[in-house]
Each structure stands twice: as C-alpha cells, then as structure tokens.
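This report is intended for a reader new to the structure.

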Amino acid sequence: MPMPRCQQVCLDDTPYYHCVARCVRRAFLCGEDPQTGTSYEHRRDWVERRLLFLTSVFSIDVCAYAVMSNHLHLVLHIDSETVRNWSVVDVLERWHKLHKGTTFTQRYLLGGTLPAYVIALAEAAAE
C-alpha cells in the first residue's frame, strides 16, 4: 500500500534517497522494443535534460542516475540548508518555472504597490 511522502522522507535520518520510476505494460522509456523494432532511444536525452532542469528549480541534487529501457533510477540529495535561505520571491520564481502560478503570485512577482491581502496570499503560497 502506498505511503504518503511525509512518512517516506525524513531529513533527520538521511538527505539521500534512491528513487525508481518504472514503465508498465511493456512500455519503453528508451532503447529498442525487440518485438516491434521501434527505437525510443531519443527519449534518453529528454529525460537527462529534464533532470538537469528540475535540479535548477528545486533544492535537490542528482548524485547518480541510470536511464534504462523501461525504468529510471535516481540517487537524490535534498539540500535543506539552501531552502532555508530562500526568500518568498525565490520560491515563487522557482514555482513559476514549472507552473503558471496564481494571479496573486504573479502580481506579487511584478512588484509595485499591492493590497495586503494579495501579499498575504502570495506569501502563504510560498510556504
């Protein structure tokens, strides 16, 4: 049975985690399907570029990785010290690299004079 992340990750125990993501039902992540002869090797570069991008957004370092034909292994290091030094603007800018954000967080990042409720909602989103 799946466990929530808050029960799986404990930075007091270790900041290093081995993660595995698998394809199902004979799907191929990369490599060549021996039955059909279809090559999915072009996906390997996609996965590597996405990993590099995500490490620039989050405070997680990739210590090692292996992209296999039907699964992916990652050894990750969570850098909690860096996160403690991030400002609200740092958090929101990183969030907006992945998501559109809310109207309030977008207005907050534009700066200028904002009503107190906009500032409160944007800062709450960054927590």
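In this predicted model, helix α5 (residues 103-110) packs against helix α6 (residues 116-125) at an angle of about 105°, and their axes are 8 Å apart. Because angles of 65 to 115 degrees count as roughly perpendicular, α5 is roughly perpendicular to α6. On the α5 side, the contact is formed by Phe104, Thr105, Arg107 and Tyr108. Helix α6 contributes Tyr117, Val118, Ile119, Leu121, Ala122, Glu123 and Ala125. Sorted by class, the contact of α5 with α6 comprises eight nonpolar, one polar and two charged residues.

| Pair | Distance between ring centres | Angle between planes | Arrangement |
|---|---|---|---|
| Phe28 and Tyr40 | 6.1 Å | 10° | stacked |
| Phe104 and Tyr117 | 6.1 Å | 80° | edge-to-face |

Phe28 and Tyr40 are stacked because their planes stand at 10°, and planes under 30 degrees apart count as stacked. Both Phe28 and Tyr40 lie in the loop between β1 (16-22) and α2 (42-57), so the pair ties together parts that are 12 residues apart in sequence. Phe28 has a relative accessible area of 14% and is therefore buried.

The rings of Phe104 and Tyr117 have their planes at 80°, so this pair is edge-to-face. Phe104 belongs to helix α5 and Tyr117 to helix α6, so the pair ties together parts that are 13 residues apart in sequence. With a relative accessible area of 29%, Phe104 is partly exposed. Tyr117, at 49% relative accessibility, also counts as partly exposed, because exposed means over 50%.

Key
Residues numbered from 1 in each chain as written. Predicted model: local features only at pLDDT ≥ 70, side-chain atom pairs only at ≥ 80, totals over all residues. Heavy atoms only, no water. Axes fitted to C-alpha atoms, helices over the stretch in contact; angles between N-to-C directions. Helix = DSSP H or I, 4+ residues; strand = E, 2+ residues; numbered from the N terminus. Parallel < 35°, antiparallel > 145°, perpendicular 65-115°, else oblique. Contact = heavy atoms within 4.5 Å. Nonpolar A, V, L, I, M, F, W, Y, C, P; charged D, E, K, R; others polar. Phe/Tyr/Trp six-rings, centres within 6.5 Å; stacked < 30°, edge-to-face > 60°. Buried < 20%, exposed > 50% of the residue type's maximum accessible area, 1.4 Å probe, protein only.
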